Amino acid sequence: MSFDEITQLLTDKFGADTIAGTETGGLQPALLIHPDHITTVCLELRNNPNTYFDFLSSLTGVDYGTEANRFGVVYHLASIPYQTQLTLKISKENNRDLNELPAFPSITSVYRSADWHEREAYDLTGIFFEGHPDLRRILLPDDWEGFPLRKDYKTAEFYKGIKID
Amino acid sequence: MNQKYEQALNDYNKKISSAATEDMVLNMGPQHPSTHGVLRLELITDGEIVKEVIPHIGYLHRCFEKHAESLTYQQTIPFTDRMDYLASMNNSHAFVMGVERMMGIDKDIPKRVEYIRVLVCELNRIGSHLIAIGTYGIDIGAFTPFLWCFRDREHIMGMLEWASGSRMLYNYIWVGGLFYDLPVGFEERCREFVDYFKPKMTELNQLLTDNQVFINRTANVGVLPLDVAINYGCSGPMLRGSGLRWDLRRIDNYSAYPELEFDVPVGKGEMGAVGDCWDRYKVRVDEIEQSLRMIEQCLDRLQKELKRTPDFDPRAKLPRKTIPKAQDYYVRCEGAKGELGFYFMADGKSEIPTRVKARAPSFSNLSVLPEIARGVMIADLIAIVGSIDFVLGEVDR
């Protein structure tokens, strides 16, 4: 299925407000999805016999910069039977308050590979995934403060009282 | 901190403390030799039975993505080498291909450069698989294959050192070309190595692959069904061991691979169920043979129609400034361990990407371990961990 056909299929199935837009400027077009619908969209794309995106290649948490104050998640899906690829994006604004992390639904119920990838996105960019079974930090220690891949992250001077050179 | 962000950590601590009173919690690693690096596996055991495995990673986290956000594309290549340090060439090849496609210069790369890239990548893949096979043997008690594999890998290391100047972390493949052309006489020496190495593979098969003790330890152990493998994002020999013919060198047809003849070996369940440890091991052995085939074909072309000429400059197509157009791009290629992907976000103004994400094959391959290791014996867990063949430098990045 081509990119336009997939867009059409999702619009027919879930209504026009599921898709917030498309990005077709670069080499790989991307579908912008409304954050609340990402789980159902992924489930549909995986189970529909015409698309069959059964492989989640990668999941990336993104901080779009201190001016935009937007956080997003980018999903790269691949279909093994059809040998196609698809990029999905979700994003929302957030005021960088560490008590109110940007929260998106987890897709671990659709792709189990999202489990560790979502933990990594939480660990490094500070994106919370609602409904994730075990959202602990994965690469950094459990008591690490801050999220290093945020654009406003300042390198810590001390770790547990030890000066960092 | 908001309470709900601490919830998962509290649940985990509760689980471990209650398991410590009813069952036994056993820490395997981070210094355990069979975990192939600094991986810590927390086992909840009931006698010899592993009830649950909780992997703890991150001991080798070196902030690849953070570094990539502050360095130019060309400067990031040495950092990619350090991800999967057993197959550095494959990493930089993937990274470089992504940048070249974003720049729109991927069609201008000279044929000789493409063939040299494939040649060194396949040599490196053999080196990586030799480590996988050798250390797998030593994990379950066979010491000799380890020495044999390292002896043969040393020839590959020597050749790549001759070409690039370093033994493991090459920085040889650059955006738009190569560091240097191959040294004079490389092709001949490489051919000598192939002729030397082929009988050694037969010997290795007689020693390990068909060894009844080895088969008893690996057949029907750690069976990974195909649907589980796909759902967990496994790729490379892991996925092919479960019986799916999925090789990105064939699917995406990048670089010089469409012009080369090779087969994609898959696990057939010859000794037990499809997708057991023996199948994964066998896929790697078969892939070495296919890589040798590819190397021979590359050498044929490099010695005939793509012969070295005095005025050939592998740096001729190097861009002065590496500034891709503003776009996002995800590139994937078949690394030694599976699907290696890089996701770039370029703003179109600077040489520094705004975001780089590395999708490491070992990361996803390792995440399936708790699923297939549930309810096995502790000794079998060693066999399963070895058969996954991960590199912690890549898991933790």
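1. In chain B, the contact between helices α3(B) and α4(B) brings Y73(B), T76(B), I77(B), T80(B) and D81(B) of the former against S88(B), N91(B), S92(B), F95(B), V96(B) and V99(B) of the latter, where contact requires C-beta atoms, placed from the backbone, to lie within 7 Å, and helices (H or I, at least four residues) and strands (E, at least two) are DSSP runs numbered from the N terminus. By class, this contact comprises 5 nonpolar, 5 polar and 1 charged residues, with Ala, Val, Leu, Ile, Met, Phe, Trp, Tyr, Cys and Pro taken as nonpolar, Asp, Glu, Lys and Arg as charged, and the others, Gly among them, as polar.

2. The model is a predicted one, in which local features need pLDDT of at least 70 and side-chain atom pairs count only at pLDDT 80 or more, whereas totals for chains, interfaces and linings use all residues. Residues are numbered from 1 along each chain as its sequence is written, and chains are lettered from A and ligands numbered from 1 in the order in which they are written.

3. As to geometry, the axes of α3 (residues 73-81) and α4 (residues 88-103) of chain B come within 8 Å and cross at roughly 150°, the axes being lines fitted to C-alpha atoms over the stretch in contact, with angles from 0 to 180 degrees between N-to-C directions. The two helices, α3(B) and α4(B), are therefore roughly antiparallel, a term applied to angles over 145 degrees.

4. P353(B) lies in the loop that joins β7 (339-346) to β8 (355-359) of chain B, and it counts as buried because 25 C-beta neighbours fall inside 10 Å, the cut-off for burial being 20 or more other C-beta atoms within 10 Å. Leaving aside residues up to four places away in sequence, P353(B) touches A68(B), E69(B), Y73(B), F344(B), M345(B) and A346(B); Y73(B) is also one of the α3(B) residues that meet α4(B). Between P353(B) and L71(B), 282 residues apart in sequence, the C-alpha to C-alpha distance is 7.9 Å.

5. Chain B is divided into domain 1 (3-56) and domain 2 (64-396), with bounds from an automatic or database domain assignment. Their centres, taken over C-alpha atoms, are separated by 31 Å, and the contact takes 14 residues from domain 1 of chain B and 18 residues from domain 2 of chain B. On the domain 1 side, strand β3 (residues 49-56) of chain B supplies the largest share, 6 residues.

6. Chain A has 3 helices and 9 strands, and 39% of its 165 residues count as buried.

Conventions. Buried ≥ 20, exposed ≤ 12 C-beta atoms within 10 Å, placed from the backbone. Parallel < 35°, antiparallel > 145°, perpendicular 65-115°, else oblique. Contact = placed C-beta atoms within 7 Å.
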